[in-house]
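The topics are grouped below.

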Amino acid sequence: MTKSFDISKNIVWQAYKRVKANKGVAGVDEQTMSDFEQNLKGNLYKIWNRMSSGSYLPPAVKAVAIPKKSGGTRILGIPSISDRIAQTVVKTYLEPEMDNCFHPDSYGYRPGKSAIQAVSVTRRRCWKYGWLLEFDIKGAFDNIDHLLLIKALKIHTDSDWILLYIKRWLEAPLQLTDGTLTARRMGTPQGGVISPLLMNLFLHYVFDKWMQTHYPNLPFARYADDGVVHCKTLQETERLKKVLENRFKECKLEIHPDKTKIVCCKGNKSWIKYPTMKFEFLGFEFRLRTARTRTGNLFACFLPAISPTAAKAIRKEMRSWRIPNRSDKSIEDLSHMFGASLMGWMNYYGHFYKSAMYPTLYNFNRKLVRWVTKKYKRFRRRPRRAHYWLGRIAHKEPWLFPHWKIYGLKPSAG
């Protein structure tokens, strides 16, 4: 039987494997991956058959509220397992061609690109340019205009089935926790597989390509809806801020007024007096710091390090582990439970000015000391002895916790 659209069964299979690897929670149908796999062959065939015939209709998207770092909550739209697979199929066909057209300084949600690359290039440019405009797009995922997005999408594909299903995903309703369905007339749900690619496409034409055309001499780095633009003078930065506000407004987006600011990066000039001489970007705080040359001489330089906001979030996560109350666990158990998280933070924030991470890692050590005093009677009310005992463990088995081995840190009595 001839199908309306030529979609590969192997692509559907590969999409399933990618969705499974990413894990994730169930959608509105409450079907987990284990449930889906009970009839794996039949469920994958159903997705392929309906997509190939043009009859695939995405279910509603499950609304899940998650806390924001800045306070309040953000609504994620979680598709069902089947719908995540279908979206991955479309993304597999669409992403390679589109990604080749994206700007090299767009770093978010792209294969071969990372936040660390964005921070690294921003660090180098801060040394060359004295001023910077930091901007954040208010509710970028939620406010994308559908007509403008489809117009941009048609530049990159004339595939009827891709356009058909993306339109259906954009219009799929949001199901709230009480079961109420809410129609969506703008935006693409944050949490969908295809959404980051669509947002990158939209912002490619709204910002990246527009900047390349109108301000080719002003380098920028954008990671999803966060970005920085480097300028030579304060006057140039002020003009750009006003122009960008109008540009985003034309495209039915808004720059966040509280998260958009002009920053002076000339921290080594003592005569410069400007209210804002630091900024946060992708979890790093850029400001004037003391650095050391290869010959050991000290000098001042505008550098990134883990931001106070990120460090606070890590300490909050550590508190949620309730380490001092886990006296039923061995130190090896604690290593298995929390070592991977520590390593992940170190791998990311340790890329730049890693000594700024020490206070946060010492905080973890202090929790270990409290754990020792609660687990062993001989150390109760004797934190100093517990500290020395843990120090001996760190010396003998530095591999137990990644910061013991890599940074050579020893537990602090605190």
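**Salt bridges and backbone notes**

D208 is buried, with a relative accessible area of 0%. The model is predicted. Its salt bridges number 12, and D208 takes part in one of them, with R222.

**The D208–R222 pair**

- The closest N and O atoms of D208 and R222 are 2.8 Å apart.
- This pair links distant parts of the chain, with D208 in helix 8 (residues 195-214) and R222 in strand 6 (residues 220-223), 14 residues apart.
- R222 has a relative accessible area of 1%, and because buried means under 20%, R222 counts as buried.

- A salt bridge joins the side chains of R110 and D99, at 2.8 Å from N to O.
- D105 is buried at 9% relative accessibility, and R125 is buried with a relative accessible area of 16%.

**A salt-bridge network**

- K278, E285, R287 and R289 are linked by salt bridges into a network.
- In general, side chains of opposite charge can pair when their charged atoms come close.

- K23, a residue other than glycine, has a positive phi near 60 degrees.
- K23 belongs to the loop between helix 1 (9-22) and helix 2 (33-37).
- The relative accessible area of K23 is 64%, so K23 is exposed.
- Y109 is not a glycine either, yet its phi is positive, at about 55 degrees.
- Y109 is placed in the loop between helix 4 and helix 5 (115-128).
- With 38% relative accessibility, Y109 is partly exposed.

**T88 in helix 4**

- T88 is located in helix 4, which covers residues 81-101.
- The relative accessible area of T88 is 3%, so T88 counts as buried.
- Apart from neighbours within four places in sequence, T88 is in contact with A15, R18, V19 and V193.

Definitions and conventions:
Residues are numbered from 1 along each chain as its sequence is written. This is a predicted model: local features need pLDDT of at least 70, side-chain atom pairs count only at pLDDT 80 or more; totals for chains, interfaces and linings use all residues. Side-chain values use heavy atoms; hydrogens and water are left out. Helices (H or I, at least four residues) and strands (E, at least two) are DSSP runs, numbered from the N terminus. Buried means under 20% relative accessible area, exposed over 50%, partly exposed in between (1.4 Å probe, protein chains only). Contact means heavy atoms within 4.5 Å. A salt bridge is a side-chain nitrogen of Lys or Arg within 4 Å of a carboxyl oxygen of Asp or Glu.
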